[in-house]
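Please read the following points beside the model, looking up each part as it is named.

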Amino acid sequence: MIVFNYEIIPHTEGTYFLKLNGDIVANYFYDLNSEFDSLIQVDVCSHCFYPGCSDHGFIEVVDFDPFIVWKEPLNSKYSSSNREFNPIECVSVGTIVWPKSKYNEFVSEITHLNRSTSNSFGLRAKAIDLFDVWRIEGSQVYSPGGFKKYEVEEIYQNRIGLYSMDLSEHDCERVFYEAANIFDNKMSEIEIIEVNDEMKPIIMIFDRPEYKEWKCLYLLNQEVLYSFSKGLVARIS
C-alpha cells in the first residue's frame, strides 16, 4: 500500500487513531521512537497505553530512498533480543510505502504533538530488506489472511506454474531461481521505480485454496526487477 493521505485522531490516554488512506491501522498510536534498532511500536498496549510493555504493534522502518517503508519485522537480526515482535495488523497483510515527502510531513506533525520521532526514518535499506519486502508480498498472495512468514523457497515449491509473455516456463523457472539466490547482507544499491508498459511480468500461479497469481518479477530487456508493492518494482545492483 502506498500512503497518499493520513490522519492522526486523538483517542484515549494520550494515544491516537492512525488512519492511512482512510483506514484505521493503529488504535493506540503513541510516537515514532524506536526501541530496537529500526523497530517502532506504533500501536501500543491497550491496558497501560505506554510503549514497551507488549510485543504487539511493531513495524520495521527502512529507508528505500525516495520511499520510507513500514514492513513486518521478519529479519533475524532481532533474534538476539530473545523476543517475538508482532506487527500491527495492517502490516501483517502487506507493506506500507510512504513517499518521503509525505513521511516528512507526518514526522513533522508527530513532533508538533510533542511525541518522540527518534530514528523514525530507520536504516538505509540493504539487499536483505528488499528480500523481506519481496517475500512478504509473495506470502500475501500465496496465503492471504494466513501465516505471513513463508520463505520464498516454500512459496516457490507450492507453485503450480510460472509464465511470461516472452519466456518459456523453463526460462521463467531459471530466472526466478537465480533472482531468489542473489541476496546477501552486504550494502547494495537499490532503486525503486514505477512499473511501465515496457516491463514484462513473470507470473507465479497457485491453487491454494483458490487460484492466485503473483507478479513476482518483471523483465526490462535483460534486466530482472523485483515486485515491491502495487505499481512499484525494485532494481538491485
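1. Strand β7, residues 67-71, is mostly covered, since five of its five residues are buried; buried here means under 20% relative accessible area, while exposed means over 50% and partly exposed lies in between, with a 1.4 Å probe and protein chains only. Strands (E, at least two residues) and helices (H or I, at least four residues) are DSSP runs, numbered from the N terminus. The model is a predicted one, in which local features need pLDDT of at least 70 and side-chain atom pairs count only at pLDDT 80 or more, whereas totals for chains, interfaces and linings use all residues. Residues are numbered from 1 along each chain as its sequence is written, and side-chain values use heavy atoms, with hydrogens and water left out.

2. In a regular strand the side chains alternate between the two faces of the sheet. In β7 both faces are covered, with Phe67, Val69 and Lys71 buried on one side and Ile68 and Trp70 buried on the other.

3. Which strands pair with β7? Strand β6, residues 56-64, runs antiparallel to β7 and is joined to it by five bridges, and strand β9, residues 96-99, also pairs with β7 in the antiparallel sense, over four bridges; two strands pair if DSSP finds at least two bridges between them. Phe64 has Phe67 of β7 as its bridge partner, while Ile68 has Trp98 of β9.

4. The strands β6 and β7 form a hairpin with two residues between them, and Pro66 lies in that loop between β6 and β7. The peptide bond that joins Asp65 and Pro66 is cis, with omega at about 10 degrees.

5. Most residues other than glycine have a negative phi, and most peptide bonds are trans. Asp37, in the loop between β4 (34-36) and β5 (39-41), has a positive phi near 55 degrees and is partly exposed, at a relative accessible area of 38%. Asn221, in the loop between β14 and β15, has a positive phi near 60 degrees and counts as exposed, because its relative accessibility is 69%.

6. Helix α1 covers residues 100-112, and its 13 residues should span 18 Å at 1.5 Å a residue, which agrees with the 18 Å between its end C-alpha atoms; the expected span is 1.5 Å times one less than the number of residues. In α1, Lys100, Lys102, Tyr103, Phe106, Val107 and Ile110 are buried. These residues lie on the same side of α1, because they cover an arc of only 155 degrees around the axis, the arc being that of the directions from the helix axis to the C-beta atoms. On the other side of α1, Ser101 and His112 are exposed.

7. The largest pocket holds about 540 Å³ of space and is lined by 22 residues, of which Met1, Gly94, Gln140, Ser229 and Lys230 lie nearest its centre. A pocket is an open set of points on a 1 Å grid over the protein atoms alone, where a 1.4 Å probe fits, with protein on both sides within 12 Å along at least five of seven lines, and lining residues have an atom within 4 Å of a point. Grid points are joined across faces, edges and corners, and the volume is the space filled by probe spheres set on them. The largest share of the lining, four residues, comes from α2.
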